[in-house]
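Hi everyone, thanks for making time. I'd like to walk you through one model today, going from its sheets to its helices. Have a look at it first, and then we'll start.

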Amino acid sequence: MLDASATSVTLQRLPGAPTAEPTRLRSLAHLRRFDREQDIYGQEERSDTWYRVVSGSARKYLMRADGRRQLVDIYLPGDLFGFTARLYHRFAVQAVTEGTVVACYPRQRVEALAKEDSETALEIRMQMLEALERLQEQLLVIGTMTAQEKVREFLFYFHRRLAPNKDEGMALPISRYDIADMLGISPETVCRAMTDLQARGVISLEGPRRIRIGRRQGGQTG
């Protein structure tokens, strides 16, 4: 088993919010390492554990009855997840990168701790609000009219999450197949859109997954 105290996760928060995992919350965690595409938890699995990505990344998804997969969120280092009001998870979460490390917390003990520890309560509240904001961002992207606009806005959204310095490139944590599943379009459409965005100078491709944002319409960068 990995030592939960050996890994430090830095969280970016609003002024006054915690910038690191509360000590008492961290004391409840044990770390697990997951292989690429290994489920952290499955659909309809009991929701008796909460989780936080320590390193790597994870995807939240739903397998539909017809076999199609729908991605609904991407978890990056620092993200706490596994919240649900149900006894069983509606969605599954899967490791994206090989060796993804996840902190696991017993749900009942964390809920009890939150009643007496204000730092833990604030951290959980902030994480839930951030998850809600990610969902709202996702709705805005999916609601964009054309496939190219969806891809463009998706890349701008991840640039804001991954590259606070606007001059930096970013390594996308997911593949173009994952992007297609999140946006409800085909992988071929994603590739065509990215090729066109590159030709127009909106992005530059620096590898299979590394992208630099060039400019928005009107010459503004991300």
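**The four-stranded sheet**

Let's begin with the open sheet, where 4 strands line up in the order S2-S7-S4-S5 with antiparallel pairing. Strand S2 (39–41) and S5 are the edge strands, and each has a single partner strand, so one side of each is left without a neighbour in the sheet. On average, and ignoring direction, neighbouring strands here are turned by 35° against each other. Before I go on, please keep in mind that this is a predicted model.

Now for the individual pairings. S4 pairs with strand S7 (residues 92–95) in the antiparallel sense, over 4 bridges.

How many bridges join strand S4 (residues 58–63) and S5? There are 6 bridges, and the pairing is antiparallel. Here Tyr61 has Leu71 of S5 as its bridge partner. The hairpin of S4 and S5 has 5 residues between the strands, and Gly67 takes a positive phi near 90° there. As for burial, S5, which covers residues 69–75, is mostly covered, with 5 of its 7 residues buried.

**Strand S3 and its partners**

Next is strand S3 (residues 49–55), which is mostly covered: 6 of its 7 residues are buried. Which strands does S3 pair with? One is strand S8 (residues 100–106), joined to S3 by 6 bridges in the antiparallel sense. In that pairing, Ser55 stands opposite Val101 in S8. Another is strand S6 (residues 80–81), again antiparallel, with 2 bridges to S3. There, Tyr51 stands opposite Phe81 in S6.

S9 and strand S11 (residues 210–213) are paired over 2 bridges in the antiparallel sense, and Ala171 stands opposite Arg210 in S11.

**H4 against H6**

That brings me to helix packing. Two packed helices are described by the angle between their axes and the distance between the axes. So what are those values for helix H4 (residues 147–162) and helix H6 (residues 187–199)? The two axes come within 9 Å and cross at roughly 75°. The range for roughly perpendicular is 65 to 115 degrees, and H4 and H6 therefore count as roughly perpendicular to each other. On the H4 side, the contact is made by Ala147, Gln148, Val151, Arg152 and Leu155. H6 brings Thr189, Val190, Ala193, Met194, Asp196 and Leu197. By type, the residues of this contact divide into 7 nonpolar, 2 polar and 2 charged.

Let me also point out Glu149, which is found in H4. Is Glu149 buried or partly exposed? Its relative accessibility is 26%, so Glu149 counts as partly exposed. From Glu149 to Leu197 there are 48 residues in sequence, yet their C-alpha atoms are 9.6 Å apart in space.

**Helix H3**

Last stop: helix H3 (residues 118–142). At 1.5 Å a residue, its 25 residues should span 36 Å, and the end C-alpha atoms are 36 Å apart, which agrees. The buried residues of H3 include Thr120, Glu123, Ile124, Gln127 and Glu130. Met126 also sits in H3, and its relative accessible area of 13% means that Met126 is buried. Met126 and Leu80 are 46 residues apart in sequence and 9.7 Å apart in space, C-alpha to C-alpha.

How values were computed. Residues numbered from 1 in each chain as written. Predicted model: local features only at pLDDT ≥ 70, side-chain atom pairs only at ≥ 80, totals over all residues. Heavy atoms only, no water. Buried < 20%, exposed > 50% of the residue type's maximum accessible area, 1.4 Å probe, protein only. Pairing = 2+ DSSP bridges. Axes fitted to C-alpha atoms, helices over the stretch in contact; angles between N-to-C directions. Parallel < 35°, antiparallel > 145°, perpendicular 65-115°, else oblique. Contact = heavy atoms within 4.5 Å. Nonpolar A, V, L, I, M, F, W, Y, C, P; charged D, E, K, R; others polar. Expected span 1.5 Å × (residues − 1).
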